Amino acid sequence: MFDALSDRLQNAFQSLKGHGKLTAEDVDQAMREIRLALLEADVNFKVVREFVAQVKQRALGVEVMESLTPAQQVIKIVNEELTTLMGAGDSKLAFSGRAPTIILMAGLQGSGKTTTCAKLARHLKKDGKRPVLIAADVYRPAAIDQLKTLGERVGVPVYAPGADLDPVDIARDGVEYARLNGDVAIIDTAGRLHIDEELMGELARIRSAVKPHNILLVVDSMTGQDAVNAAEEFRQKVDLDGVVLTKLDGDARGGAALSVRAVTGRPIKFASNGEKLDDFDTFHPDRMASRILGMGDVLSLIEKAEDSLDARKAAEMEAKLRRAEFTFEDFLEQLKQVRKMGSLSSILGMLPGVPGMKELKNVQVDDRQLDRIEAMIFSMTPRERRNPELIDGPRKQRVARGSGTQVQDVNMLLKQYREMQKMLKMFKGGKVKGLRLPGM
Amino acid sequence: MFKGVAEGDVPAEVIAEEQRERKGLFGRLRRNLGKARLAVRDGLKSALYVGVDRRLYEQVEETLIAADVGVDGTIKIVDELERRCTAKKIEAREPFFEELADVVAGALKPEDPERQRIDVSADPSVILVVGVNGTGKTTTIGKIAFRLRQMGKTPLMVAADTFRAAAVEQLSAWADRAGCDIVKQEAGSDPAAVVYDGVAAARSRGADVVIIDTAGRLHTQVNLMRELEKVRRVIEKQLPGAPHETLLVLDATTGQNGLRQAQEFKQAVDVTGVVLTKLDGTAKGGIVVAIHDSLGIPIKLVGVGEKLEDLRPFEADEFARAVFGGGDEDGD
Ligand SMILES: Nc1nc2c(ncn2[C@@H]2O[C@H](COP(=O)(O)OP(=O)(O)O)[C@@H](O)[C@H]2O)c(=O)[nH]1
Ligand SMILES: [Mg+2]
């Protein structure tokens with residue numbers, strides 16, 4: 001995470017002191033880093049090439065703002081361009097004046113269509129709509145059962161006449177059923193390869209039979225370079241209206257979002273980010289841009305923090321942070337909260353300013369270490385937790401024994417603690433520009 | 001494909017069919033390379049008129065990147081290629097591509113080729129199947145069971161994905177198709193308990209290979225990864241030496257995140273091999289190069305479709321050729 005783009009750019013620009021305009025040389029150097037970062041984020045190489053050329057044009061000769069370093073200025077431009085590109089187009093569904101509104105879901109195998117259908121149904125239901133699910137995946141064993149179960153959980157009717165019927169007929173009859181039993185028809189289809197002529201033909205036939213108002217392509221956010229091939233084929237053969245990104249709760253950078261948007265020209269409408277049927281939302285291009293660049297998704301951190309942090313505790317914590325009185329007890333509490341929000345590195349990755357902070361370099365953020373850190377803190381006495389400077393040689397040994405770790409580990413933790421203290425003091429003194437710890 | 005299956009047990013027609021299919025498969029892979037890939041190849045060809053130059057290396061890099069080998073992996077391969085070509089004074093197209101395929105394949109071959117096979121020599125053997133959501137775990141289990149049946153083994157499936165809706169029904173359907181027994185409990189039960197039952201049932205049901213299906217989970221989901229660790233511990237305790245194989249099922253369309261997946265699953269449950277699925281699409285699954293190179297996990301099987309028979313042993317040489325469409329040209 002610390003070799004995230006912003007950090008690398010800071011390094012690349014270290015020699016640059018003054019402000020003024022971005023020179024061709026600055027920009028070239030930055031573009032190299034950006035190209036690599038985008039490739040590492042799985043953006044398709046052709047899309048990277050075009051995108052970088054475009055950004056370069058825009059960055060040349062730009063005045064570096066007073067409050068920014070040249071590196072930050074470039075990141076700002078890249079971020080804006082990414083956000084604009086991914087945000088273009090209407091992210092809303094098209095609703096038909098005459099019910100039912102028909103939504104056809106399509107995608108490769110295993111991209112998450114069935115779950116997404118149920119999540120979308122729930123989302124629409126919360127909006128006061130009356131969705132109906134239609135089970136037109138007759139190929140994958142138990143796909144129909146899966147949709148039925150999910151429909152039950154969401155509390156919406158499921159049209160599932162069986163696996164031995166033609167999916168085209170199921171879709172057509174299902175829409176009829178939806179007309180009588182609801183106002184939105186969501187059609188789940190079998191996963192298929194974009195090069196499978198027969199199944200792509202079937203999808204085109206479903207389309208002609210029901211004339212959907214929305215055809216959504218479901219794309220796994222972990223997809224690599226091939227995302228463009230699949231998306232483009234789907235667009236050509238069935239004509240997409242939009243994209244749903246899934247599995248965003250993982251730690252993939254999600255460059256496929258940019259690739260798919262760029263090659264199909266279709267907007268990303270929804271993002272699915274968890275196992276629960278509620279983990280589904282409209283797409284936020286700004287968050288995605290930060291994620292692809294690996295540079296701090298402030299918005300979603302704030303949102304997540306608001307969701308899971310007890311407000312009073314958060315205020316207390318913030319006051320402590322500001323006074324730089326952060327003890328191991330607080331740390332333990334913080335760990336607990338953080339775990340509720342997701343992985344520590346993903347949270348830290350969302351903090352603006354963090355990736356660029358040299359001071360944080362040595363602070364351990366490996367998620368696997370969390371357990372050990374927790375164990376070590378648990379092995380400290382309450383007094384030690386409040387006054388870590390008490391922990392001398394023999395105490396270190398005791399903590400190490402108690403937590404099944406080595407004295408070096410305890411030393412490391414104490415060192416990290418001291419560094420954190422130092423950083424907090426700096427923060428308190430207002431020396432670190434742009435570092436905000438929202439809600440913490 | 002398997003270690004621990006007596007040679008004589010495999011019917012000759014199965015072997016013949018496998019060889020024929022494999023040829024067909026890689027031919028098809030080459031044909032399915034897609035427009036983007038063909039453009040790259042055309043580029044490679046035209047670049048060759050001026051011999052092996054900078055531009056050609058750049059195009060090789062591009063092809064590797066397009067195959068999801070990743071920036072680091074690509075740099076490594078191209079550096080090695082350049083080193084070899086300089087040392088051997090390679091200047092023509094044919095030897096250049098041979099060298100290239102060799103470098104890529106080399107990065108995928110474990111020192112001991114035996115490590116590429118699925119070990120089912122213990123009786124009973126236990127195969128634990130793990131991976132993120134939707135990669136093809138359940139389908140792969142169906143295919144493995146079918147192959148084992150063909151080879152005279154008696155597999156037993158264990159439905160330890162108790163989370164996903166209808167996952168048990170899905171595995172049951174595959175058990176029917178493959179013609180093997182299945183141990184299951186109702187949805188929502190504790191996976192560790194199902195696994196315990198499953199391993200215990202192996203003897204009583206006369207099974208010699210136990211294949212365990214688990215719920216898909218993202219490697220970032222701490223609790224679910226812990227649950228998997230627990231499942232593994234239950235197996236270890238119950239049957240010393242088990243699980244004999246822990247297979248990570250990886251979707252070939254996965255990009256750079258595949259390496260993170262492999263790291264985390266390895267850390268949690270000590271993965272012994274990768275199954276690369278969906279190679280019948282246009283994705284190349286190049287991230288396996290990094291997985292093998294940096295984690296030392298061998299790639300054991302590939303999935304090439306949704307039918308029972310669509311499972312093949314992983315062949316590094318053919319994989320490398322499929323990435324570049326080099327070598328024999330019959331598929332194009
Ligand atoms: N084309 C293709 N599809 C596959 C392959 N393996 C699995 N699938 C499909 O991928 C989807 C997810 O498979 P499943 O076994 O349910 O994945 P799981 O969630 O990991 O158990 C299903 O639609 C399978 O038919 C393969 O090798 N090729
Ligand atoms: Mg499954």
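Helices and strands are taken here as DSSP runs, with a helix (H or I) holding at least four residues and a strand (E) at least two, numbered from the N terminus. The model is predicted. On this basis, A:K247 falls in a loop of chain A, between strand β6 (242–246) and helix α10 (255–264). The backbone of A:K247 has a positive phi of about 60°, although the residue is not a glycine.

Two cis peptide bonds were examined in chain B. One joins B:D123 and B:P124, with omega at about 0°. B:P124 sits in the loop that runs between β2 (118–119) and β3 (125–130) of chain B. The other cis bond leads from B:A242 to B:P243, and its omega is near -10°. For B:P243 the location is the loop between α9 (222–238) and β7 (245–251) of chain B.

The interface of chain A and chain B was considered next. Together the chains bury about 3500 Å² between them. Carbon and sulfur atoms account for 54% of that area. Chain A contributes 40 residues to the contact, and chain B contributes 44 residues. The rule finds 2 salt bridges across this interface. The side chains of A:D251 and B:R260 form a salt bridge, with an N to O distance of 3.0 Å.

Several helices of chain A give two or more residues each to the side that touches chain B. These are α2 (24–40), α3 (45–59), α6 (143–154), α9 (227–238) and α16 (367–378). The largest share, 5 residues, comes from α6(A). By residue class, the side of chain A that touches chain B divides into 12 nonpolar, 12 polar and 16 charged residues.

Over all chains, the salt-bridge count comes to 38. Helix α9 of chain A holds both partners of one such pair, A:E232 and A:R235. Their side chains meet at 3.1 Å, N to O. The two residues are 3 residues apart, about one turn of the helix.

Helix packing within chain B was examined for α3 (residues 54–66) and α5 (residues 93–106). The axes of these helices come within 13 Å. They cross at roughly 35°, and the crossing is right-handed. On the α3(B) side, the contact is made by B:L56, B:Y57, B:V60 and B:L64. On the α5(B) side, the contact residues are B:F96, B:L100 and B:V104. The residues of this contact divide into 7 nonpolar, no polar and no charged.

Technical notes: Residues numbered from 1 in each chain as written. Chains lettered and ligands numbered in written order. Predicted model: local features only at pLDDT ≥ 70, side-chain atom pairs only at ≥ 80, totals over all residues. Heavy atoms only, no water. Axes fitted to C-alpha atoms, helices over the stretch in contact; angles between N-to-C directions. Left-handed = near helix turned anticlockwise from the far one by under 90°. Contact = heavy atoms within 4.5 Å. Nonpolar A, V, L, I, M, F, W, Y, C, P; charged D, E, K, R; others polar. Buried area = accessible area lost by both parts, 1.4 Å probe. Salt bridge = Lys/Arg side-chain N within 4 Å of Asp/Glu carboxyl O.
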